Amino acid sequence: MLSVKGLSKNVSPDFQLSSIHFDQLPGEKLALVGISGSGKSTLLQLLAGWQQPDTGTITLFSEKIKGPNEQLVPGHPGLAYLQQSSHLPHHYYIRDLFQYANVWESTDAKRLFCICRIEHLLNRKHHEISGGEQQRIALALLLITSPRWLLLDEPFSHLDLPNKRILQQILAEVSTGLGITCLLCSHNPEDIFGWAERILVLENGKLVQSGTPEQIYQMPVNSYVAGILGDFYPLNAELAAQLIPELYSRQPGYQWIIRPEQLIVDVHPFDKAVIGKISKVSFYGKEYKIDLEVLNQVLSFYSTHNRWESGSVVYLRASSGYGFSHA
């Protein structure tokens, strides 16, 4: 459906997008992740035709997406682009905005309003709705134009948890119920897991890894990728040799990392365990975060039970480890 080849863009003297290549299949839920400043928004604006690439091509439905140097009004048939901040016209009732944009039959439009959870907002004005509601309205205004491909730029970044959960449900229904292919960019792993089928990782304007969420999480190519999708702790050689001796002995040149869920910790000694000491216990709502010191390193793990005490000696091993060939 989508083909991006050799895409490059000089953004500033200090930053550029370099040689971006990737494809997207119809119906595939694709996520673009990276820290702030990695180039995510610039790449989405290039894909949407809002910026002109220096090199490369973007093809959607076998047609080239043209940039602003090639056409007067940015955009492409079948493409919709939801920006980070919604910009709804003021002084209008919400129902009027849809009256101007709507090309659907009334029953289909009502179904869309239900999907986007905005049917109760149609008789309000801009100043009478919250930020989360404005974003859902902006999304519905895009969807009512019947796009086939939807770009979403950090759609959850400004939302509180209840509105974030609502939007997550809406996007799931948009993908499956309306048959719209989505590409979503985010820097938060909670926005990605459970939704994305494939992830692209952007670092300093370059795509450094592509794969399923499991592949990216379990086989990161470097520490940047490892940190994008969750907590991790680099292991020094001494600790790696004791926590994951079989793995370390086979590939001692790797930079081994441990994620919290890979640690097996007990207050009682067990075979081949390493001794550590709890330094801090923090309550995180549904679970506790326990920091511990072992061989001059600080590691953490999570527990649903509050049976850990600061200063206590514990025994630990690692169920497995993840590594890459360079730090």
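Gly276 is buried, because its relative accessible area is 4%; buried means under 20% relative accessible area, exposed over 50%, and partly exposed in between, with a 1.4 Å probe and protein chains only. The place of Gly276 is in strand β14 (residues 274-283). Strands (E, at least two residues) and helices (H or I, at least four) are DSSP runs, numbered from the N terminus. Apart from neighbours within four places in sequence, Gly276 is in contact with Glu293, Val294, Ser312, Val313, Val314 and Leu316, where contact means heavy atoms within 4.5 Å. Between Gly276 and Trp50, by comparison, there are 54 Å from C-alpha to C-alpha, and the two are 226 residues apart in sequence.

The model is a predicted one, in which local features need pLDDT of at least 70 and side-chain atom pairs count only at pLDDT 80 or more, while totals for chains, interfaces and linings use all residues. Residues are numbered from 1 along each chain as its sequence is written, and side-chain values use heavy atoms, with hydrogens and water left out.

**The protein as a whole**

The secondary structure comes to 10 helices and 18 strands. Along the principal axes, the C-alpha atoms fill a box of roughly 70 × 45 × 35 Å. Of the 327 residues, 48% are buried. Among contacts with a separation of 6 or more, 66% are between residues 24 or more positions apart. The accessible surface is about 16,100 Å², and carbon and sulfur atoms hold 50% of that surface; accessible areas come from the Shrake-Rupley method with a 1.4 Å probe, and for residues only the protein chains shown count as cover.

Helix α1 (residues 40-48) is mostly covered, with 7 of its 9 residues buried. Those buried in α1 are Lys40, Thr42, Leu43, Leu44, Leu46, Leu47 and Ala48. After α1 comes Gly49, whose phi is positive, near 85 degrees.

Leu247 belongs to helix α10 (residues 245-250) and counts as partly exposed, because its relative accessibility is 23%. Residues up to four places away in sequence not being counted, Leu247 touches Trp256, Ser320 and Gly321.

**Aromatic rings**

The structure holds 7 aromatic pairs. Rings of Phe, Tyr and Trp (its six-membered ring) pair if their centres lie within 6.5 Å; planes under 30 degrees apart count as stacked, over 60 as edge-to-face and the rest as tilted. Two of the pairs are set out below.

| Pair | Distance between centres | Angle between planes | Class |
|---|---|---|---|
| Phe98 and Phe113 | 4.9 Å | 70 degrees | edge-to-face |
| Phe283 and Tyr288 | 5.2 Å | 50 degrees | tilted |

Phe283, in contrast, is exposed, because its relative accessible area is 57%.

Charged side chains also lie over rings. A charge sits over a ring if NZ of Lys or CZ of Arg is within 6 Å of the ring centre and within 35 degrees of the ring normal. Arg148 lies over the face of Phe61, 3.7 Å from the ring centre, and the charged end of Lys125 sits over the ring of Tyr93, 5.0 Å from its centre.
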